[in-house]
Amino acid sequence: MLHTLSVGELARRLAAREISSVELARHFLARIERLNPSLNAVITLTADQALEAARAADRRLAAGERGRLLGIPLIHKDIFCTEGVRTSCGSRMLDNFISPYDATIVAKLKGAGTVMLGKSNMDEFAMGSSNETSYYGPVRNPWDTTKVPGGSSGGSSAASAARLAPFTTGTDTGGSIRQPAALTGVTGVKPTYGRVSRYGMIAFASSLDQAGVLARSAEDAAVVLEVMAGFDPKDSTSVDTPVPDYSAALDAPLKGLKIGILREFFDGLESRNAALIRDALEVYTAMGAETIEVSLPHLPLSVPTYYVVAPAECSSNLSRFDGVRYGYRCDQPKDLLDLYERSRGEGFGPEVKRRIMTGTYVLSAGYFDAYYLKAQKVRRLITDDFRKAFEKVDLLVGPTTPTPAFAIGAKVDDPVTMYLNDIYTIGANLAGLPGISAPCGFVDELPVGMQLIGPHFSEARLLSAAHHYQRATDWHRKTPGGYQ
Amino acid sequence: MSLTRKDVEKIARLARLSITEAEMPVYVTSLSSIVDFVDELSRVETHSVEPMAHPLEGQRQRLRADVVTETDHRENYQANAPRVQAGLYVVPRVIE
């Protein structure tokens with residue numbers, strides 16, 4: 001069936017004219033119509049535009065053009081500006097916002113001939129780890145619809161897991177691609193900071209945000225990342241370094257690979273999750289990799305560091321939402337202050353307001369040195385720990401999350417409990433490092449992910465390591481019942 | 001070191017966020033708990049450590065030639081505006 005095929009196989013059949021892009025789009029649109037109500041993963045459907053794009057792709061294919069993503073459908077996380085299509089960022093603040101332009105990654109994927117089926121649900125302004133803060137309601141995990149899919153790219157991860165599209169895009173600021181990928185059993189890739197353009201990606205925390213992909217395999221993710229990555233003059237933090245051929249690098253020999261096992265990762269980890277990670281490490285050693293224990297002593301500070309830095313940056317980034325030029329405006333503002341306060345007070349949800357206020361506090365006069373400057377120093381200590389570890393090993397392997405998916409509503413009362421879900425993923429964002437989560441088993445019939453983290457710009461090696469694991473195992477091929 | 005209601009009111013005013021009477025105690029509690037949580041950082045020795053604003057060292061702000069590369073997109077961009085008049089954004093009176 002079409003939705004069980006890899007991106008590579010779909011591209012082959014499209015190129016051989018065995019199937020058409022229109023047929024493929026119709027197939028996935030029908031799946032979304034049938035299956036999305038139980039998940040709430042897709043919040044904007046772009047059926048007409050999808051069919052138009054599919055027809056255009058078919059014309060290009062008929063003219064003899066070939067491309068790894070030509071004619072392939074996708075769903076974009078609703079944080080990416082898409083021209084002419086609502087871009088809500090999961091918020092009431094942008095419920096009425098029709099983007100006048102395409103984000104760079106949207107334009108690149110469009111140019112490669114992809115077909116956008118719709119926009120996926122997400123935690124509001126990318127702030128959350130469970131997709132429960134969305135203005136459009138929570139997303140449900142296809143493996144158990146009483147459970148969360150993770151966040152903030154919950155809609156994208158649920159959609160990839162339920163095969164509503166061959167792949168989806170996401171963003172990761174503190175784990176928002178890797179954590180939902182782990183909870184829904186898909187392969188999520190967060191690239192190195194600066195690898196993928198942030199132009200047109202609604203900003204949350206500018207020194208942490210990165211765009212990436214949630215796919216069914218490292219092999220599929222490699223194809224997508226090749227197109228997404230690359231220098232963009234419109235993003236001042238974009239790095240001008242060539243994009244490797246990630247697909248060609250997948251089969252690079254694994255033997256001799258030095259894998260670091262982080263002592264701090266296993267402290268306090270649920271024992272059955274830990275057992276699956278240890279099993280995964282055995283798969284690697286059986287393939288000829290070497291494991292070395294390493295320590296990142298400052299890593300436990302990554303969550304408090306992040307919860308100073310990210311809110312600070314978000315308080316600045318979200319100050320643009322003022323009810324003046326776009327987005328939600330309150331009814332009958334009595335003066336300018338009322339316009340600002342009520343547009344923002346009514347337009348933003350509680351978690352967003354909490355983070356804006358936390359950020360405002362840590363940046364305010366009298367507190368800046370104690371909090372923000374202090375956090376930036378601890379950030380350097382954490383980054384230095386990673387750098388020293390990578391002098392001894394090629395990459396780190398460990399868990400992505402402390403537990404499998406939790407119940408919807410279980411953690412909404414205490415923000416700090418929710419924040420601790422990101423304990424394994426945040427370090428990579430602070431240090432700007434690339435990370436992948438790949439499925440490595442099940443606990444209580446819920447997916448568990450293993451995380452691979454590498455030095456800056458080591459995506460090729462990370463994808464290859466994940467690929468080798470996926471050739472030796474089949475966790476990534478499992479699909480939830482009801483979505484097969 | 002918990003936050004008081006007055007602290008939260010001041011922060012909300014700085015952040016230009018209206019908080020209703022009913023919401024206020026919830027925010028006082030949750031913000032206090034977050035601030036207590038991040039206070040752990042104060043116990044870390046960072047005397048000779050340089051702050052890090054950005055994960056990639058050595059990046060410099062790129063400059064470009066001072067030539068016009070964009071065309072006027074005003075109408076397109078203002079299509080999302082709540083209130084516009086003669087190409088200007090309309091807001092409540094600012095100057096008395």
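Quick definition before we start: helices and strands here are DSSP runs, numbered from the N terminus. And the model is a predicted one.

Take A:Arg163. It sits in the loop between H5 and strand E4 (167-172) of chain A. Is A:Arg163 buried or exposed? Buried: 22 other C-beta atoms lie within 10 Å, and the cut-off is 20 or more.

Now A:Phe125. That residue belongs to the loop between E3 and H5 of chain A. Phi is positive again, about 50 degrees, and A:Phe125 is not a glycine. A:Phe125 is buried too, with 30 other C-beta atoms within 10 Å.

A:Ser152 is in the loop between strand E3 (115-120) and helix H5 (154-161). For context, most residues other than glycine have a negative phi, and most peptide bonds are trans.

On to domains. Chain A is assigned domain 1 (2-256) and domain 2 (300-376). Their centres, over C-alpha atoms, are 28 Å apart. Domain 1 puts 20 residues into the contact, domain 2 puts in 17. The domain 1 side divides into ten nonpolar, seven polar and three charged residues.

Last, the chain contact. Chain A brings 55 residues, chain B 42. On the chain A side, H11, H12, H13, H14 and H15 each supply at least two residues. Which helix gives the largest share? H14(A), with twelve residues. By class, that side of chain A has 27 nonpolar, 14 polar and 14 charged residues.

How values were computed
Residues are numbered from 1 along each chain as its sequence is written. Chains are lettered from A and ligands numbered from 1 in the order in which they are written. This is a predicted model: local features need pLDDT of at least 70, side-chain atom pairs count only at pLDDT 80 or more; totals for chains, interfaces and linings use all residues. Two residues are in contact if their C-beta atoms, placed from the backbone, lie within 7 Å. Helices (H or I, at least four residues) and strands (E, at least two) are DSSP runs, numbered from the N terminus. Ala, Val, Leu, Ile, Met, Phe, Trp, Tyr, Cys and Pro count as nonpolar, Asp, Glu, Lys and Arg as charged, and the others, Gly among them, as polar. Domain bounds come from an automatic or database domain assignment. A residue is buried if 20 or more other C-beta atoms lie within 10 Å of its own, exposed if 12 or fewer, and partly exposed in between; C-beta atoms are placed from the backbone.
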